2 protein chains.
Amino acid sequence: MHRVKVRVVEDALDANNTIARANRDDFDRAGVAVANLMGAPGAGKTALLEYVLSDLGGVRAGVLEGDVQGTLDADRLASLHVPVTQLQTGDGFGGECHLDANMVRSALPSIPLSDIDLLIIENVGNLVCPAEFRVGEDARVMVASITEGEDKPLKYPLMFRACELVIVNKIDLLGHVDFDMDRFLHHLDAVHPGVSVLLTSARTGEGIGELRAWFAGLPQRVGAAV
Amino acid sequence: MHRVKVRVVEDALDANNTIARANRDDFDRAGVAVANLMGAPGAGKTALLEYVLSDLGGVRAGVLEGDVQGTLDADRLASLHVPVTQLQTGDGFGGECHLDANMVRSALPSIPLSDIDLLIIENVGNLVCPAEFRVGEDARVMVASITEGEDKPLKYPLMFRACELVIVNKIDLLGHVDFDMDRFLHHLDAVHPGVSVLLTSARTGEGIGELRAWFAGLPQRVGAAV
């Protein structure tokens, strides 16, 4: 019984990877670098995106916004005059807790790929399933806010291991919460040695320059690798 | 294709509900009231549990601790001298993002039901799927921390609608984050009119007395209803 379940899950992930590769091919053909932005609900993904998108130098960005329901985040970003496409996962039943490659594929016709260099996909807030489903991205980025606690890399290792960049957000609250940054970084290093880390605050703007530079440089880094 | 998917999901939820009812019958027979504690990663579920379990008057409590991986939370609670049973969902593949009725059923033999009056099940940190899977509980409780933002009831309405009590946690940070309590409560009232709300801080202890009273009173409230 259990073995059957594992096989069904593996088949589903295989099918997802096949569609993800098709998405990736389409993104490559269009010359668009793609980042998959993940993190817990309320980690600050949208707030950081607002900062990043407001000044990316000459890089033309677009956003694919994944939510269970509603268009709150898409509405927040729309005022920045970048193309935002909304994907809702809450269709009929309680809602999917992550984006998968097929959902992203279904949204492709609505994304102006020929007008952008960089697509940022904001995933559903969740530290488990988004890490299991590739969507055709070049890079995976996660936002961990310090209010979530220093133990999170140990509790959700797959998520912290799946990404190329870990953004440690809300560092303006460092004096107000029980969070030991050294211990967090030690845990992070245990599950993903050498991963890039940026410390940010969407409230004070700390670290936002480096974050913008990371995203602005992604198309060039991806283009050099293709 | 889509209709088939919806039917498969509905069948899975039906099967889950059947097992959840069997769990509930076993809990009722043992005279144990059961609360399903849900919330985002880092909302403060375990910290609040530490406070609640340290003084429940004469009520004998046990905990079923759901995690993707590791025993960090169970270890924290074990020092309180209540029986703690660990359930890990990360078996073989990336891990389930929620507990379901069958997982809880598999743990029943390890829970000393005859020695407790109250079982608190700490679910996996996630605002989507835990709301869809009943596990045989009498009451569902969710923890929303103010650092997650005031928009969360609108973004995860099923979760806020599924529970009998919403704990608004980390209120010690009210002066340090952009969070408008009135707006949060307005959004909450829009998705779940009349739901019980408790404001707490696991750091200052504010609201903990009321929270203890809520949990300590659950066996009596459930018993009166049986």
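Colleague: Which elements of chain A make a right-handed β-α-β unit?

Modeller: This is a predicted model. In it, β2(A), helix α3 (residues 72-78) of chain A and β3(A) form that right-handed unit.

Colleague: How do β2(A) and β3(A) run, and how many bridges join them?

Modeller: Start with the general idea. Strands of a sheet pair through backbone hydrogen bonds, either parallel or antiparallel. Here strand β2 (residues 61-67) of chain A runs parallel to β3(A), and 5 bridges join them. Take Val63(A) as a place to look: its bridge partner in β3(A) is Val84(A).

Colleague: Which side chains of β3(A) are buried?

Modeller: Read along residues 84-88 of chain A and watch the side chains alternate. Thr85(A) and Leu87(A) point to one face and are buried.

Colleague: Which way do β5(A) and β6(A) pair?

Modeller: Strand β5 (residues 139-145) and strand β6 (residues 165-169) of chain A pair in the parallel sense, over 5 bridges.

Colleague: Now α7(A). Which of its residues are buried?

Modeller: First the rule for helices. An α-helix has 3.6 residues a turn, so residues three or four places apart point the same way. In helix α7 (residues 181-191) of chain A, the buried residues are Met181(A), Phe184(A), His187(A), Leu188(A) and Val191(A). Seen down the axis of α7(A), the buried residues fall within an arc of 125 degrees, so they line one face of the helix. On the other side of α7(A), Asp182(A), His186(A) and Ala190(A) are exposed.

Colleague: What covers the buried residues of α7(A)?

Modeller: The cover includes β5, α5 (152-155), α6 (157-162), β6 and β7 of chain A.

Colleague: Which residue caps the N-terminal end of α7(A)?

Modeller: Asp180(A) does. One of its side-chain oxygens lies 3.0 Å from the backbone nitrogen of Asp182(A).

Colleague: Let us move to chain B. What is the strand order of its sheet?

Modeller: Chain B has an open sheet of 7 strands, with parallel pairing and the order β3-β2-β4-β1-β5-β6-β7. Here β3 and β7 (196-199) of chain B are the edge strands, and each pairs on one side only. On average, neighbouring strands of this sheet are turned by 20 degrees against each other, direction ignored.

Colleague: How many bridges join β1 to β5 in chain B?

Modeller: There are 5 bridges between strand β1 (residues 33-39) and strand β5 (residues 139-145) of chain B, which run parallel. Check Ala35(B): its bridge partner in β5(B) is Ala139(B). Helix α2 (residues 45-53) of chain B lies across β1, β2 (61-67), β4 (118-122), β5 and β6 of chain B. Helix α2 of chain B runs at about 165 degrees to β4(B).

Colleague: Back to side chains. What does Leu188(B) touch?

Modeller: Leu188(B) belongs to helix α7 of chain B. Its relative accessible area is 2%, so Leu188(B) is buried. Leaving out residues up to four places away in sequence, Leu188(B) touches Pro153(B), Phe160(B), Val166(B), Pro193(B), Val195(B) and Val197(B).

Colleague: And His187(B): buried or exposed?

Modeller: His187(B), also in helix α7 of chain B, counts as buried because its relative accessibility is 15%. The cut-off for buried is under 20%. Not counting residues up to four places away in sequence, His187(B) touches Glu150(B), Asp151(B), Pro153(B) and Leu154(B).

Colleague: Now backbone angles. What is phi of His81(B)?

Modeller: Phi of His81(B) is near 65 degrees, a positive value in a residue other than glycine. His81(B) sits in the loop between α3 (72-78) and β3 (84-88) of chain B. His81(B) counts as exposed, at 74% relative accessibility.

Colleague: Where is Lys170(B) found?

Modeller: Look in the loop between β6 (165-169) and α7 (181-191) of chain B. Phi of Lys170(B) is near 65 degrees, again positive in a residue other than glycine. At 12% relative accessibility, Lys170(B) counts as buried.

Definitions and conventions: Residues numbered from 1 in each chain as written. Chains lettered and ligands numbered in written order. Predicted model: local features only at pLDDT ≥ 70, side-chain atom pairs only at ≥ 80, totals over all residues. Heavy atoms only, no water. Buried < 20%, exposed > 50% of the residue type's maximum accessible area, 1.4 Å probe, protein only. Helix = DSSP H or I, 4+ residues; strand = E, 2+ residues; numbered from the N terminus. Pairing = 2+ DSSP bridges. Right-handed = clockwise from strand over helix to strand, strands pointing away. Arc of directions from axis to C-beta. Contact = heavy atoms within 4.5 Å. Polar contact = N/O pair within 3.5 Å; in protein donor to acceptor, adjacent residues only side chain to side chain. Axes fitted to C-alpha atoms, helices over the stretch in contact; angles between N-to-C directions.
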